[in-house]
Amino acid sequence: MVRGRDATPAVEEVRLPAPGPGELRVRIRAAGICHSDLSMVNGTLAPTYPLVLGHEAAGVVTEAGPGTRLAVGTEVVLNWAPACRACWWCRQGEPWLCAANAGPAVARGETADGTPLHVTLGLGALAEEVVVPERAAVGVPDGLPPEQAALLGCAVLTGAGAVRNTARVAPGESVAVIGLGGVGLSVLIAARAAGAGPIIAVDVAEAKRELALAAGATDFLLSDDQLSKEVRARTEGRGVDHAFECVGRSATIRAAWRLTRRGGAVTVVGMGARDDMVSLAALDIFHSARTLRSSVYGSADPDREVPELARALSDGTLDLRPLVSGRIPLDEAPAAFDRLARGEGARWVVTF
Ligand code: APR
Ligand code: ZN
């Protein structure tokens, strides 16, 4: 939990409400620490405090409120954008844009010392237990490694969906991925599965080279002033068909734009700040004929695609081990936030 902007996250006792109608109590088995949680701590996403962190988790249903379908004992992955299935976007087939989804922090009845708490993205999953609407829980097959299953709920669905649903990368297309955290590495895994090539991974940290190559990159480049030249050298002088921005900053959105060929597509996966403005030349927008669009939660329907990814995990066609830097106990989570801020490792996953 974090008490205020830039406060150090701390492990605290929280009182959970009993599950009401349509709600479930879920015992968390594993929860990943995502950059969006860090953006909650440092205020980039301007949440309301005090705030229970965490939104990428797998667990098991331990109590089912009235009118729910999922049975006690069902293994689930949490979904931070549960679809109402009734609004204009849901009826349009775009449940990831569901109008019912609230802001970065919502109040869900948790308290600490009598103080009402907010929970990250409606979940607050960096905790031993959560009480969530049933729509925020997706049933998955039993027996998945919890630290890999947890990642299906944010990084992997986001990354795989950006490649498959938003950009629709085709075999043989060239790809660049900027920012190699849990999200960028998931994009690499999906790009390789889609048969893309070359797959050029870009980061400011040299330490990401090995992780990138393990996840499916054909090349690793440091983000420096030679970057555009190096990417063009690998794409017959054109630039890539698809660039994925997985940092969430105007500077890297512009870098992604410059790496993309005329007529290519930039997919913004990173979640940036409200006041970080992106500037592009009007003439360049016209002349380059590029597409610039964002991918929210992988343009995915988690109720359909999380179980699909979970089946791939259980039959071995999806291997998320390169994504997991370490399984840590809850009391090491505050230190893992510092590691994430320094760009160390891929995903740190708290296991219970
Ligand atoms: N150029 C290239 N890489 C960069 C730059 C830069 N200017 N700045 C940071 N990076 C790299 C970091 O070194 C790190 O490897 O971006 C990576 C970000 O990784 P994580 O912090 O693990 O972030 P992740 O959880 O993958 O999320 C990425 O997606 O969901 C959003 O809010 C999330 O905006 C964030 C983004
Ligand atoms: Zn996330």
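**Around Ser-186**

Me: Which residues does Ser-186 touch, not counting those up to four places away in sequence?

Reply: Ser-186 touches Ala-155, Val-156, Gly-159, Ala-160 and Leu-323, where contact means heavy atoms within 4.5 Å. This is a predicted model, where local features need pLDDT of at least 70, side-chain atom pairs count only at pLDDT 80 or more, and totals for chains, interfaces and linings use all residues. Residues are numbered from 1 along each chain as its sequence is written, chains are lettered from A and ligands numbered from 1 in the order in which they are written, and side-chain values use heavy atoms, leaving out hydrogens and water.

Me: Is Ser-186 buried or exposed?

Reply: Ser-186 counts as buried because its relative accessibility is 4% (buried is under 20% relative accessible area, exposed over 50%, partly exposed in between, with a 1.4 Å probe and protein chains only).

Me: And which helix is Ser-186 in?

Reply: Ser-186 sits in helix α4, residues 182-193. Helices here are DSSP runs of H or I with at least four residues, numbered from the N terminus.

Me: How do α4 and helix α5 cross?

Reply: Their axes come within 8 Å and cross at roughly 30 degrees (axes are lines fitted to C-alpha atoms over the stretch in contact, with angles from 0 to 180 degrees between N-to-C directions). So α4 is roughly parallel to α5, as angles under 35 degrees count as roughly parallel. Leu-185, Leu-188, Ile-189 and Arg-192 of α4 meet Leu-211, Ala-212, Ala-214 and Ala-215 of α5.

Me: New topic: where is Trp-89?

Reply: Trp-89 is in helix α2, residues 88-91, and is partly exposed at 35% relative accessible area.

Technical notes: Helix = DSSP H or I, 4+ residues; strand = E, 2+ residues; numbered from the N terminus. Parallel < 35°, antiparallel > 145°, perpendicular 65-115°, else oblique.
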